[in-house]
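Hi,

Here is the structure I promised to pass on. Have a look, and then read on for what turned up in it.

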Amino acid sequence: MMPQRVRLQYEAAVQHPTSIIGCQVRRDPPDSTERYTRWINQLTSDQLLTQVFTSHGPTVIMPTWFCSRAWFSHVGLFDEGGQGVPEDLLFFYEHLRKGGGVFRVDHDLLLYRYHPYAATHSVLEVTIWTHRVHFLEEQVLPRWKCFTIWNAGKQGRRLYRSLTAASRCKVVAFCDVDENKIRKGFYCHEESQERPKPKVPILHFQAARSPFVICVKLDLTGGAFEDNLKSLNLQEGRDFVHFS
């Protein structure tokens, strides 16, 4: 970590005593996780709270965390279940449940090394997915009477199938830009025990209605998806959340 890290994060923690304080990072090797590193460093202050459901995990990464001992004890200890437990994600979610904030010091205060045998790779993707879906259902979906899943492809359908029956009933449509999916007209939940099996309409995104759970990965379409989303003039957190 950089020499000024403790001083700058301590000063921020004094001003934000119930927040986890993070910072920007430099990656080593520099090109090892370019998309993830951009996300870490460029989230706005609002997005530090609205993008907590994505596959990237905590919006300030655990190696950058700084908070008071009192707040740490209030949230509770790390889950020490061992290899395969996403202890940072679980702590982060509990922190948010207890009303904690998230603040980032916008200086590169950490050299964040990447290597393929890091312990983080021992956590199964399905484990992370299950925790994320549960947190989404706990924190967001109770506020919405109905919602649209943005992505009629693999990720959107997986989310739909992963929801509880009560949450699936709130899904009024999928939306997409793929004309082939839209032309099909609907998605049929074949695994459902309901009779008749649920059929969810597939609409063009411009014909769909908010709020949206977005299952399109950011920063992968050359800006096309981001432009489509921006054209709807929606407010992140209120009208949509990112899940992918």
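This is a predicted model: local features need pLDDT of at least 70, side-chain atom pairs count only at pLDDT 80 or more; totals for chains, interfaces and linings use all residues.

Leaving out neighbours up to four places away in sequence, F186 is in contact (heavy atoms within 4.5 Å) with K199, V200, P201 and I202. F186 sits in strand β5, residues 186-188; helices (H or I, at least four residues) and strands (E, at least two) are DSSP runs, numbered from the N terminus. With a relative accessible area of 31%, F186 is partly exposed; buried means under 20%, exposed over 50%, and partly exposed in between, using a 1.4 Å probe and protein chains only.

Residues are numbered from 1 along each chain as its sequence is written, and side-chain values use heavy atoms, with hydrogens and water left out.

Now the core. A nonpolar core here is a set of buried Ala, Val, Leu, Ile, Met, Phe, Trp, Tyr and Cys residues joined through side-chain atoms within 4.5 Å. The largest has 53 residues, and L136, L159, V213 and F243 have the most contacts inside it. F243 touches, among others beyond four places in sequence, F53, W129, L136, L159 and V213. There is also a second, separate core of eleven residues, including F205, F212, L218 and F225. In general, nonpolar side chains tend to be buried together in soluble globular proteins.

T37, in helix α2 (residues 34-42), is buried at 11% relative accessibility. A polar atom of the T37 side chain lies 2.8 Å from the backbone oxygen of T33.

Most residues other than glycine have a negative phi, and most peptide bonds are trans. The bond from D28 to P29 is cis, with omega near 0 degrees, and P29 is in the loop between β1 (19-28) and α2. R195 and P196 are also joined by a cis peptide bond, with omega about -5 degrees. D219, not a glycine, has a positive phi of about 65 degrees and is partly exposed at 38%. N233 has a positive phi as well, near 55 degrees, but N233 is exposed at 71%.

Cheers

Technical notes. A polar contact is a pair of N or O atoms within 3.5 Å; within protein, one must be able to donate a hydrogen and the other to accept it, and residues adjacent in sequence count only if both atoms are side-chain atoms.
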